[in-house]
Amino acid sequence: MDLTRRRFLQLSGVGALGAIVFNGCSIPETELEIQSPVLIPEDVVAGGESWYASLCRQCPSVEGVLVRVVEGRAKKVEGNPEYPLNLGKHSARCEAALQELYHPDRLQQPFRRDGATGQNKPITWDEGLNELVTRLKALRDAGQASRVLVITDPLRGHLGKVTQLFAAAYGAQHLAFEPMERVVLRQAIKDVYGQDRLPHFDIGNSAYVLSFGADFLGTWVSPVSHSVAYGEFRQGEGRGRGLLVQVEPRFSMTAASADRWLPVRPGTEGLLALALAREIIAEGLADPDAARALTDGRGIAALDAYGLERVADDTGLTTYFGKERAVQLIQEVAHDFATKRPSLALGGDTAAAHTNGLFNLRAIYALNYLVGSVGAKGGVIFNPPSPIDDVPDTASGAPLSRWQEVAERLQRGEFDVVITRGVNLVHGLPGALQFQEALKKADLIVSFASVPDDTTAIADLVLSEHVALEAWGDDIPDPAPGYQTVGFQQPVVRPLYDSRAFGDVLLAIAPEIGDDLGAALPWNTMQDVVKEGAQRLFALNRGWAKATAPFDAFWVRVLGGGGWWDTTAISAQKAPGASKAPAEPVRPSFAGDASSDAFYLLPFRSHALLEGRNAHLPWLQASPDPTTTGVWQTWVEINQKEAERLEIREGDLVELVSPAGAIEVIVYPTPAAAPDVLSVPMGQGHASYGRYAKKRGANPFQVIAPQKDETGALAWAATRVVIRKTEKRTRMIKLEGLVEARQMEESPVIQVTRGEEGS
Amino acid sequence: MTVRTEWDHKWSMVVDIDRCTGCQACVVACQAENNVPINTEDIFKQSRAIEWIRIERYWEGEFPDVKARYLPAMCQHCGNAPCEPVCPVYATYHNDEGLNVQVYNRCIGTRFCANNCPFEMRFFNWWQPVWPESLRNQLNPDVTVRNRGIMEKCTFCVQRIRRAERTAIQEERDVKDGEFAPACVQACPTGTLVFGNSNDPNSRVAQLMKSDHPRRYRLLEHLGTEPNVVYLKKVDPYLKEEAHNGSH
């Protein structure tokens with residue numbers, strides 16, 4: 001049989017269990033076994049490679065990947081060229097999925113922690129599940145099902161459906177957790193565009209991108225997809241070079257790539273957006289209907305509170321650039337945004353993470369109406385609903401206000417059993433919530449984990465979970481690329497250890513808890529659930545694999561291609577139009593010292609470790625931060641001149657003190673920081689998360705005060721801190737050398753060549 | 001079928017700085033593909049991190065008109081490579097496809113080549129590389145793990161080049177432009193890195209490398225090493241204005 005690459009991809013969809021059919025050696029003990037060529041499944045060719053399409057789960061955007069497998073071992077992750085989101089590209093995080101699979105500290109079987117001694121005792125799955133089922137059954141029979149709390153990462157696709165069905169049928173509460181939730185962003189998109197799903201930001205076709213706080217090339221929303229588009233935006237063939245302006249108090253990766261960086265004072269992003277709106281309307285460059293709606297028909301008088309000079313002062317631009325230039329800059333941005341069309345305004349991250357976050361984002365996203373960029377190429381393009389109607393296509397973490405409520409209820413002993421999966425609550429919630437102590441009040445904490453983290457460390461029952469490369473699943477991207485897309489995740493290797501998939505466990509225990517639960521979840525495995533979803537897609541009779549029949553052929557084809565998508569299935573929704581801008585700005589408020597000795601604290605997601613979920617992966621720990629080149633540590637970025645004034649230098653250990661607590665970090669003076677801002681990367685500060693993450697650096701969540709905006713979301717950029725010097729010094733570990741790297745002056749090169757003989 | 005032994009290949013790379021965001025995807029992709037040892041905290045402390053491709057970050061200007069410039073840097077596969085003539089055992093030499101090749105089992109670790117490389121793109125294994133047992137499952141079987149005492153550097157993923165050439169031989173055709181890419185180029189989300197056969201005038205890389213490209217330059221060009229990697233300059237539409245405002 002001729003085994004082409006396509007055939008390899010397809011084979012993964014068939015076979016007795018439907019999972020991986022090869023019989024390769026995945027652990028060293030079997031390495032020396034001699035295999036009979038007669039018995040080896042056909043897709044295992046000695047020394048040959050197979051590529052399997054699947055999904056990457058190292059960040060919430062979920063890219064489509066191809067995984068290279070040689071003799072049963074996964075060797076390389078690459079972007080799936082056919083997957084609409086990332087078009088064959090991927091991030092450093094996707095590569096590291098391999099290190100998650102082969103992590104030396106992976107849980108090899110379930111264990112039970114002895115409450116008295118604190119010792120971990122390995123147990124079998126049967127023992128673990130028996131305990132869980134007995135407990136859940138007893139509570140339910142006693143009418144106390146609501147005393148069970150299920151906390152997962154935000155789950156889209158069929159795993160989301162299974163989890164929701166399980167929680168609903170049982171009667172438990174289900175909450176999703178993400179450390180830097182997108183509650184404000186979703187609310188703003190809902191308010192301004194009437195959309196439940198995040199829209200597609202069409203950066204690739206835009207001529208001018210104005211981004212407020214959103215580090216969209218680094219970690220915001222869908223960075224790989226944005227980066228692919230950004231390459232086109234800059235030097236795409238057949239189009240002019242796009243201009244990028246980044247309005248952000250911190251010098252992020254996106255600010256570093258921008259043509260213009262406007263370091264505004266934290267929390268004043270919305271103010272600037274409305275000043276730009278006022279200027280665009282005043283210049284007569286705005287879409288008339290949008291201008292009328294925004295100003296309530298009163299003209300720019302309605303926006304008097306956002307006068308140029310006043311906003312230049314309030315945003316701090318006057319302080320940095322001087323009044324005249326600050327005003328000029330705002331005028332220039334307004335003019336360019338309105339004239340270099342199609343233009344696109346987007347906002348998030350620090351712009352959203354304030355007590356006035358919703359005000360900021362509403363003002364920012366309203367700008368797109370003024371330039372006709374809503375629902376238009378190069379602007380904001382709405383996404384259609386999921387092609388499979390009862391499967392969640394959006395998922396967001398619960399806001400801080402919910403976690404505060406949960407912490408209080410835990411403290412009052414209102415939950416007996418807490419089941420966690422894919423979340424590290426102890427690390428990712430502000431320390432001020434004291435969630436760890438609250439969690440311990442539950443009788444039984446059950447944690448599904450592949451590498452034990454800070455939350456697993458306090459769990460009573462730890463159940464070893466498959467990693468993504470071993471499990472079935474699917475995903476409906478949020479945001480989708482402007483049309484209906486479903487990605488399929490298939491196992492690419494045989495499970496290494498005695499682990500199980502979270503979804504499979506829920507399906508297995510449901511009928512044991514009660515017949516009604518079994519009826520609500522009538523599948524045996526996640527593979528069945530995903531396959532049923534594919535059957536529904538097949539029934540639609542559209543999308544790229546449309547003409548493939550019967551279903552089995554379709555199933556193999558969409559699995560081999562990495563998913564199903566229909567480029568013609570776009571959103572039919574119309575934008576509701578601009579609405580009236582607030583007459584007066586909503587000002588941000590900050591926790592902590594208000595004096596001039598204090599700094600605004602801007603924590604940021606590490607480009608590799610994110611909020612900490614990837615801290616256990618050594619490739620990512622060793623991946624230099626794009627701006628500081630720092631690795632393996634937690635540092636604080638401070639303006640060089642400010643550091644000189646405070647007489648601190650690189651390598652000094654200082655404490656950052658807020659009302660919520662203090663952390664010790666390494667000083668890194670940089671030319672790219674506003675004088676009143678301190679930036680600290682997230683990701684480190686784990687008490688437990690495998691050998692590469694344990695007891696390393698500091699966790700900024702320990703100093704973030706639990707401030708909220710009106711949606712109840714955590715305003716993680718609304719804390720002010722003071723610097724407390726210590727006498728300690730260490731070495732900042734970074735790729736950069738000891739001397740600050742500066743660009744050399746350009747000069748012509750004179751080439752001396754040998755002349756012709758005799759000349 | 002006649003077995004082909006000679007190719008009209010000159011493998012070259014173009015790096016469009018205007019697209020680079022410094023995201024590090026290329027760096028990790030290279031490490032995964034080429035069995036580069038884990039750069040632990042200790043290794044970084046000793047400034048001995050091995051990154052066949054690295055992102056160099058340069059500052060320009062002062063706050064608030066400060067800029068960061070990203071420069072992906074790898075072995076430049078120089079036409080006049082200073083590392084080659086100093087190797088006493090011919091462990092490094094120039095092959096007929098434009099590659100500066102490192103033969104690991106010839107290398108005796110004199111480190112003369114690294115000393116002579118103006119780009120600092122060669123890395124010496126001061127210690128035996130160590131992976132925890134389970135992580136060894138990930139190692140790429142196509143690439144040799146280098147021992148202590150051996151010099152290593154970017155190979156333009158020669159294993160991928162050879163694979164593509166072998167496939168082309170089997171299928172009795174030439175290697176097609178864009179048919180394969182080194183791991184860094186394959187990963188690069190923004191399309192900063194472009195790879196191909198610069199002897200083929202129709203290849204994308206040859207088009208971008210043209211001597212009249214307005215943004216073309218090569219690293220340390222004045223040294224005359226004739227790098228086989230061409231860079232395309234960052235475009236800065238506001239440079240003059242900021243210079244006027246005194247930040248440069």
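Visitor: In β3(A), which residue is the bridge partner of Val65(A)?

Guide: Strands (E, at least two residues) and helices (H or I, at least four residues) are DSSP runs, numbered from the N terminus. Strand β2 (residues 64-70) of chain A is joined to β3(A) by six bridges, and the two run antiparallel. Within β3(A), the bridge partner of Val65(A) is Gly79(A).

Visitor: Which atoms do side-chain values use?

Guide: Residues are numbered from 1 along each chain as its sequence is written, while chains are lettered from A and ligands numbered from 1 in the order in which they are written. This is a predicted model, where local features need pLDDT of at least 70, side-chain atom pairs count only at pLDDT 80 or more, and totals for chains, interfaces and linings use all residues; with hydrogens and water left out, side-chain values use heavy atoms.

Visitor: What is the order of the open sheet of three strands in chain A?

Guide: Two strands pair if DSSP finds at least two bridges between them. The pairing in this open sheet is antiparallel, and its order is β1-β2-β3.

Visitor: Why is one side of β1 and of β3 of chain A left without a neighbour in the sheet?

Guide: β1 (49-55) and β3 (73-79) of chain A stand at the edges of the sheet. One side of each is left without a neighbour there because each has a single partner strand.

Visitor: In what order do the four strands of the other open sheet of chain A stand?

Guide: The pairing in this sheet is parallel, and the order is β11-β10-β9-β12. β11 (260-262) and β12 stand at the edges with a single partner strand each, so one side of each has no neighbour in the sheet. From one strand to the next the twist averages 15 degrees.

Visitor: Which residue of β10(A) stands opposite Ser211(A)?

Guide: Strand β9 (residues 208-212) of chain A runs parallel to strand β10 (residues 243-247) of chain A, and five bridges join them. Leu210(A) has Val245(A) opposite it in β10(A). For Ser211(A), the residue opposite in β10(A) is Gln246(A).

Visitor: And which residue of β12(A) stands opposite Ser211(A)?

Guide: β9(A) also pairs with strand β12 (residues 343-347) of chain A, in the parallel sense and over five bridges. In β12(A), Ser211(A) faces Leu346(A).

Visitor: How many residues of β9(A) are buried?

Guide: Buried means under 20% relative accessible area, exposed over 50%, and partly exposed in between (1.4 Å probe, protein chains only). In a regular strand the side chains alternate between the two faces of the sheet. Both faces of β9(A) are covered, with Tyr208(A), Leu210(A) and Phe212(A) on one side and Val209(A) and Ser211(A) on the other. The number of buried residues in β9(A) is therefore, by that definition, five of five.

Visitor: Where is Asp349(A) found, and with which residues is it in contact, leaving aside its neighbours within four places in sequence?

Guide: Asp349(A) is found in the loop between β12 and α14 of chain A. Asp349(A) is buried, at a relative accessible area of 12%. Contact means heavy atoms within 4.5 Å. Leaving aside neighbours within four places in sequence, the contacts of Asp349(A) are Gly213(A), Ala214(A), Asp215(A), Thr219(A), Trp220(A), Arg605(A) and Trp716(A).

Visitor: What is omega for the bond that joins Arg341(A) and Pro342(A)?

Guide: Pro342(A) has its place in the loop between α13 (323-339) and β12 of chain A. The peptide bond from Arg341(A) to Pro342(A) is cis, with omega about 0 degrees.

Visitor: What is omega for the peptide bond from Phe63(B) to Pro64(B)?

Guide: Pro64(B) lies in the loop between β2 (54-60) and β3 (67-73) of chain B. The bond from Phe63(B) to Pro64(B) is cis, and omega is near 5 degrees.

Visitor: Is Cys157(B) buried or exposed?

Guide: Cys157(B) is in the loop between β7 (151-152) and α4 (158-170) of chain B. Although it is not a glycine, Cys157(B) has a positive phi of about 50 degrees. With a relative accessibility of 5%, Cys157(B) counts as buried.

Visitor: Is Glu172(B) buried or exposed?

Guide: Glu172(B) lies in the loop between α4 and α5 (183-187) of chain B. The phi of Glu172(B) is positive, near 50 degrees, in a residue other than glycine. At 60% relative accessibility, Glu172(B) counts as exposed.

Methods:
Axes are lines fitted to C-alpha atoms, for helices over the stretch in contact, and angles run from 0 to 180 degrees between N-to-C directions.
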